[in-house]
Amino acid sequence: MVVLKKLIMSFMFSHEELVLCLLINVFLVVSWCMTPEIKDMLTPLSEHGEACGYQSCPAPRPDMLNVHIVPHTHGELGYTRTFPQHYTGEFMKGQQPSLINMKRILDYTISELWAQEHRKFTFSDTPYLFHWWANRDATVRRMVYTLLRQGRLFIVGGAWGMVDEATTNYHAVIDQFTYSLRKLNATFLECGRPLMAWQADVYGHSREIASLLAQMGFDGLFINPISFDDELDRMRRKSMEFLWRGSDDLGAETDIYTHKLFDGYWSPPGFCFGSYCDDPLLITSDSVFRNIDERVDLFIKSILHRQAPYYSTRNVMVMMGQRFGYYDASIWFANVDKLINEVNKKSYETGANINLYYSTPACYLKAVYDSNPTLDTKQDDFFPMAYDKFSHATGLYTSRPTIKYMAREGHVYLQMAKQLQVLARLWNNDQLFEEFQWVMGAFQDHNIITGAMHDYVKEYYTDRMYSAVQRSTLLLKQAFNKLRRSSQSNIYYRCSFNESSCANTESPQFFIVIYNPLAWPVSLPARLPVGNHVYQVYGPKLEKINSSIVRIPGAILAIPERAATADHELVFMAENVPPLGFRSYYIERSRTRDVRSTIIKKIKNKNKKYLIRQVNPKMADDNLINDEDYYYDDVTSTARTANRIVYGDFGRHKNYTDGYVITPRPRNKSYESTTGPEIIDETTEIKITTIDDTDEVKQGNLSAETTAQPSSDAVPESDQEPSAVEKDSDTSTDPRRSDMDNNGYVVSKDMFISNKYIRINLDSTRKITNLTLSNNVFLALDVQFYYYASDKPTDTGRTDKKNPGVYLFRPVDSNPIPILDFIETIVYKTRVVEEIHCAYSDYVSFVARLYTDLPYIEVDWVVGPVPVEDGWGKDVFLRYTTDLGNDGAFYTDANGRQTLKRLRNLRATYEPVNMDAIPGNLYPVTSKIYIEDEQKNLRFSIFNDRAQGGTSLTDGELDLMIIRRILTDETGTEMNLNETEYDRGLIVRGKHILYATKMNHKPNMIYEKRLAKEISLEPKVLVSEYGGYGPYLKSKWLGETNEFSALKKKLPLGIHLLSIEQWNEATVLIRLENYLEKSDAIRSGIKRVYLRDVFVNLRIRSIAECALGGNVWLKDWSPLRWNKKTEFMRSFNEYYGRSNTSTVYADEPRMLSEGSLEKGLTLRPQQIRTFVVWFDYVDLKLGNVL
């Protein structure tokens, strides 16, 4: 009767109501719309023997080898088809749909599971599951509810697509899992919660991803593939399953059982039963064609001798499936049924002691855990991944750079939208978030962000991402107009700043809004495309802001399809943009610049040294992190609060930035430079374009030429050359300074650019040769483009080698070719920024910039179209050459978070077989790569704006791959990485941030951590519509709120407000992250946050802590504990490669108490804590108006 009641109740909730409930449940608490009847149908009836999860697992036979048969399919979000094409099988209009499609796979699999109660099936492709679910009636849904609560349908992974582990950012990965796990929770309750993480088709596996998965509450991680030589070594050591520590700083709470899938997600050789498989089906009924006996013998032999010897318990797991398998589910299940029955029968008859049964990854893990094995340990990662001795999957770190950049940009806009939805208390935007999170989740998939897809598939996903980002600006419009107290008709536009194009900034008057999604003030340069005019920039209180214009790089102006007339950029520093808030600036064109040139002759004393800043080299560096909190143990120190910020108005608070980390300050005012060695190959024949013995001050339309004819406006020769770094000198009579005061710029023949931190010097060919820091540190530096010619093994008859392609990187020659057809160098100097524009060929160029108050070098590079007319594909990279000695060691980030040590030509746990020295030393760089010279006590770091491959092949060098244009394909699907646009090769623009510092100065280490956050979550500039308010723009703008922060208390140094998003009508989800590593901290590095009164308009009443994924209450989760063969080292980075250092093993970390709103919430280095927060709004009405 109870079962019958469930059948009847399933029809009491209409199809339309279910679809609406599913959509709303993404953002609202489950109980809001899930009826008691549906909850009842998802609750196992224990009295009828029903159970899900571990309780549904059959007991293994302790006296036998237990073979867990796991039917499974593997879908793709990209690759050869788009999402809709994979789902429906409809590839082209007018053609018959393919039978191989996800809709048919789910339909047929559910039917076959329903037909036989002993069958089980494991499913991992969540986007397809929910698309299918939204289009199924109540009868099918009832069947799924039953299969879930009986443990016959098992969901693994839980991600919105299988995340790539090399190129994704940890924040985006957490968001993706949160979105998907919440949908599973809302739809299927506990029986739909994935217990196992599933990374079965990812080329390389990250320690940070393992850490995140452990913190999300997964009990196990199943991975594939790993390097072939690593796998062979693990087979010898019986280490195909092991305990992986994801974070040295967090310790045991990031330990996760990890299993390397023996045959990946494929069936064992000879036992693929799909219609398109080549293996024979099992025949039992026909005496002539009967093959069951020989097939059973082959299977038993394979298990006993091919697989079981490499595992330490009497359990092995055998996948039964393939890519897009089970569209013919009846054939699969019929043959698997036969295999299980006949093998067990044979085992009983012969005493083979082998026991087959339907199982799931969770049941396998439970059987292994109950066997109480002692596992090997792992503390590094699985990069780079080698297919074989000739092939490394390191090309995917760089392939399709525009996709990787779009993933980063989309993530920032999604965070802005989530924050402002809460902080501005907007009307419901659930549909917008559903579409945005769908595509952002899909972008993290191992086929999408890596670029492993055909061009039309790429266009499908980029169109969806562009649409989602554009729609989010409608939400930003609602929020800005509400918080600025402005008209709801105001529109804010995104501009194509990547090509220095924005029609709205060419208006005579306009305003911009800069939004900062970080929880501390950020200073950044704003660059707005404009014409060659005189402009004035005003701050929120109509204060004048120092600004300049400078020429847009020639490579950008030369883009044929660039839709802009602007040939200059207006540049100014947006100082201390409020945390979790915005600042607006008003810009007006005051007049058109006169077309004239003023000539200043160079000084004749060639031996006279440039006057630059001096320091006492014996003095210690001033702190880049000027925050007193750094020098206190935050757990024991008294909480301090900043002045309360008046809502939307900071003009009255002179001490607004007190206690925040703003911009590093220099120590002294002057120093003398030293000249370093020039880095130039004297045998190379190149064309050098220089300027004559004059400096040209451009006050009119600037051409690309670097020479000027004398005019009657020439001024007398000065006694010495004015120095751009002599900030305190009298420049009132300097014509160049006079023009800069009218926000002009100088086209200079100076052999350097400088600010108060750095001086970059040019050699006699006007190439960058070295830099000098304000503490008298000298560093040789060369910036040079190279390319590797891509291998073409099929052209040379090497059938034993795979072709290079999206995944695979292999050069035909280990010696790269410098791209140096000529040297064209122009030096621009303004009050705000000094720039060196360098072009070395028709398709590569870069600009090196020093902003007045920033302690790093910005390298703005442009590459493309990469020429392939010679028939050779090319891998283009930037090499930064210094004189540092790093002894083969370099460091890369892991998914934008922790740092891992790399050693040239080495692996931490095995000896590589015939490693290719170029691709075999390439590692993924998501946000940062650096080298250190222990003798000189120097560190040289590069921060990138998207995922790239990076390495240090020679001491002192850092290489970052930029773009790949490859004419071959390793997939066999004609997926050539030959990206074009407008019938020519792609043009790509990006940035590298170069930062040099003392390697042991911990405040600077913290500054670098914070800088990485400011790059990955860069504040965004939105521009008012053309003409703004018309002739009354300035007065109207001034009457609105032009500065706002949602914070009224600062957070401790090292604390990042990782997430704030609407959870339901009464709650928000908040994540706090301590982004410091233990190596950064002077003391414990533990921070305490008093969350109750952090926000201006939110009064927090209570909190409850979740696991990282937001789908499990932390109090309800207990991690599994495993026996270990060896203890973990305290720090992998500290001891990797140091054979003469005694090993120090890790202590189990002290588990901190939960904390409270009153006592504060503690966070250890690298810890992320997730809370559901109940709150009330203060002085903020619901809707789009105040």
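1. Nonpolar cores. In this predicted model, the largest nonpolar core takes in 193 residues. Phe 188, Met 320, Tyr 461 and Phe 1095 have the most contacts inside this core. Helix α16, residues 455–483, contributes the most to this core, with 11 residues. Apart from this core lies another, of 74 residues, whose members include Leu 396, Tyr 788, Phe 877 and Leu 977.

2. Tyr 461. What does Tyr 461 touch, once residues up to four places away in sequence are set aside? Its contacts are Leu 77, Gly 78, Phe 83, Trp 438, Val 439, Ala 442, Phe 443, Ile 448 and Met 453.

3. Disulfide of Cys 52 and Cys 191. The structure has four disulfides. One of them links Cys 52 with Cys 191, at an S to S distance of 2.2 Å. The torsion about this S-S bond is about -75 degrees, so the disulfide is left-handed. Cys 52 sits in the loop between α3 (36–41) and β1 (65–74), and Cys 191 in the loop between α8 (170–188) and β4 (196–199), so the bond ties together parts that are 139 residues apart in sequence. Cys 52 has a relative accessible area of 12% and is therefore buried, the cut-off being under 20%. Cys 191 counts as buried too, at 10% relative accessibility.

4. Further cysteines. Cys 272 and Cys 277 form a disulfide with an S to S distance of 1.9 Å. Both partners are buried: the relative accessible area is 10% for Cys 272 and 14% for Cys 277. A disulfide also joins Cys 495 to Cys 502, S to S 1.9 Å. Here Cys 495 counts as buried at 18% relative accessibility, and Cys 502 is buried at 3%. As for Cys 838, this residue is buried with a relative accessible area of 2%, while Cys 1106 counts as buried at 5%.

5. Helix α5. How far apart are the end C-alpha atoms of helix α5? This helix runs over residues 102–115, and at 1.5 Å a residue its 14 residues should span 20 Å; the end C-alpha atoms are 20 Å apart, which agrees. The buried residues in α5 are Met 102, Ile 105, Leu 106, Thr 109, Ile 110, Glu 112 and Leu 113. Seen down the helix axis, the buried residues of α5 fall within an arc of 165 degrees, so they line one face of the helix. At the start of α5, a side-chain oxygen of Asn 101 comes to within 3.3 Å of the backbone nitrogen of Lys 103.

6. Thr 168. Thr 168 is placed in the loop between β3 (153–155) and α8. Is Thr 168 buried or exposed? With a relative accessible area of 0%, Thr 168 is buried. Its side chain reaches the backbone oxygen of Asp 164 at 2.6 Å. Not counting residues up to four places away in sequence, Thr 168 touches Val 173, Ile 209, Gln 444, Ile 449, Asn 895 and Thr 926.

7. Val 1089. Strand β51, residues 1087–1089, contains Val 1089. The relative accessible area of Val 1089 is 1%, and the residue is buried. Leaving aside neighbours within four places in sequence, Val 1089 contacts Leu 1051, Pro 1052, Ile 1055, Leu 1072, Gly 1160, Leu 1161 and Leu 1163. The C-alpha atoms of Val 1089 and Ser 1156 are separated by 9.6 Å, and these two residues are 67 residues apart along the chain.

8. Cis peptide bonds. Asn 224 and Pro 225 are joined by a cis peptide bond, with omega about -10 degrees. Pro 225 belongs to the loop between β5 (220–223) and α10 (228–237). The peptide bond from Gly 864 to Pro 865 is also cis, with omega near -10 degrees. Pro 865 lies in the loop between β35 (857–863) and β36 (874–882).

9. Positive phi. Asn 905 is not a glycine, yet its phi is positive, near 65 degrees. This residue is found in the loop between β38 (899–903) and β39 (923–925). At 40% relative accessibility, Asn 905 counts as partly exposed. Gln 1166, also not a glycine, has a positive phi of about 75 degrees. Gln 1166 lies in the loop between β54 (1161–1163) and β55 (1168–1177). Asn 905 is partly exposed, whereas Gln 1166 is buried, with a relative accessible area of 2%.

Notes: Residues are numbered from 1 along each chain as its sequence is written. This is a predicted model: local features need pLDDT of at least 70, side-chain atom pairs count only at pLDDT 80 or more; totals for chains, interfaces and linings use all residues. Side-chain values use heavy atoms; hydrogens and water are left out. A nonpolar core is a set of buried Ala, Val, Leu, Ile, Met, Phe, Trp, Tyr and Cys residues joined through side-chain atoms within 4.5 Å. Buried means under 20% relative accessible area, exposed over 50%, partly exposed in between (1.4 Å probe, protein chains only). Helices (H or I, at least four residues) and strands (E, at least two) are DSSP runs, numbered from the N terminus. Contact means heavy atoms within 4.5 Å. A disulfide is a pair of cysteine sulfur atoms within 2.5 Å. The expected span of a helix is 1.5 Å times one less than its number of residues. The arc is that of the directions from the helix axis to the C-beta atoms. A polar contact is a pair of N or O atoms within 3.5 Å; within protein, one must be able to donate a hydrogen and the other to accept it, and residues adjacent in sequence count only if both atoms are side-chain atoms.
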